[in-house]
Amino acid sequence: MDEGRFSEADFHLKKAMLINPEAPDVLTNLANLRRRQQRVAEAERHYQRALEIDPDASLARNNYASLLASQGEFERAIAEYERVIDQDPKFFPSHSMLANLLRSRGDLAESLPHYAQAVASGPPNPRVHNNWGLALLMLGHSSDAVIQFEKAVDLAPEFAEAKSNLRRAKVAVGDRNK
């Protein structure tokens, strides 16, 4: 988003804040904008205020967790994702993002049920299948990884990373069968 679009969004969000300064959705959108503007401290304050007003605001809490993870505050991010999942077990963005965070930390087995729930609860998403496949491949479950990479490629035939991972997983399956 270019600076002109940021200004336009900022204008409309400030206008909405004048109408209802306690609206969690407006605060969340303002936090999202501040994050995209690299104004992290302001974004964090807006997320926290939205959550003070509505502790069950799944999107605000999910985005706050994502902000924490991007700042290297992994334990706090995990706790926030888990809180979203506790209050809304089918909120697929938190499952997907928590799974990615766990996988990146090497907690591969712990990531798998979150990938499965993200796929079960959310719309078809090639990136989730690809990331699930990566976790499976890293655990040595090559055949299961092939299935996830194939789903990713079926959903997005031009997804180069998934195609490359599918080839790697098929080689691993072949090596295991020798």
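In the predicted model, helix α4 (residues 58-70) packs with helix α6 (residues 92-104) at an angle of about 15 degrees, and the two axes lie 10 Å apart. The helices α4 and α6 are therefore roughly parallel to each other, an angle under 35 degrees being counted as such. Their crossing is left-handed. On the α4 side, the contact is made by Asn-62, Ser-66 and Ala-69, and on the α6 side by Pro-93, Ser-94, Met-97 and Leu-101. Four residues of the contact of α4 with α6 are nonpolar and three are polar, with no charged residue.

Helix α4 also packs with helix α5 (residues 74-87); the axes come within 8 Å and cross at roughly 160 degrees. That angle makes α4 roughly antiparallel to α5, the cut-off for this class being over 145 degrees. The crossing of α4 with α5 is left-handed. Helix α4 contributes Ser-58, Arg-61, Asn-62, Tyr-64, Ala-65, Ser-66, Leu-68 and Ala-69 to the contact, while α5 contributes Phe-74, Arg-76, Ala-77, Glu-80, Tyr-81, Arg-83, Val-84 and Gln-87. By residue class, the contact of α4 with α5 holds eight nonpolar, four polar and four charged residues. Asn-62, Ser-66 and Ala-69 of α4 take part in the contact with α5 and also in the contact with α6.

The largest nonpolar core has 22 residues, of which Tyr-115, Ala-145, Phe-149 and Ala-169 touch the most other members. Two or more residues of this core come from each of the helices α7 (108-121), α8 (126-138), α9 (142-155) and α10 (160-176). The greatest contribution is that of α8, which gives six residues. When neighbours within four places in sequence are left aside, Ala-145 is in contact with Gly-133, Leu-136, Leu-137 and Ala-169. Another core, of 20 residues, lies apart from the largest one, and its members include Ala-43, Leu-51, Tyr-81 and Leu-98. Of these, Tyr-81 is also one of the α5 residues in the contact with α4.

Over the whole protein chain there are 10 helices and zero strands, and the order along the sequence reads α-α-α-α-α-α-α-α-α-α. The protein chain has 178 residues, 43% of which are buried. Among the contacts in the protein chain with a separation of 6 or more, 44% join residues 24 or more positions apart.

Note on methods:
Residues are numbered from 1 along each chain as its sequence is written. This is a predicted model: local features need pLDDT of at least 70, side-chain atom pairs count only at pLDDT 80 or more; totals for chains, interfaces and linings use all residues. Side-chain values use heavy atoms; hydrogens and water are left out. Axes are lines fitted to C-alpha atoms, for helices over the stretch in contact, and angles run from 0 to 180 degrees between N-to-C directions. Helices (H or I, at least four residues) and strands (E, at least two) are DSSP runs, numbered from the N terminus. Angles under 35 degrees count as roughly parallel, over 145 as roughly antiparallel, 65 to 115 as roughly perpendicular and the rest as oblique. A crossing is left-handed if the near helix is turned anticlockwise from the far one by less than a right angle, and right-handed if clockwise. Contact means heavy atoms within 4.5 Å. Ala, Val, Leu, Ile, Met, Phe, Trp, Tyr, Cys and Pro count as nonpolar, Asp, Glu, Lys and Arg as charged, and the others, Gly among them, as polar. A nonpolar core is a set of buried Ala, Val, Leu, Ile, Met, Phe, Trp, Tyr and Cys residues joined through side-chain atoms within 4.5 Å. Buried means under 20% relative accessible area, exposed over 50%, partly exposed in between (1.4 Å probe, protein chains only).
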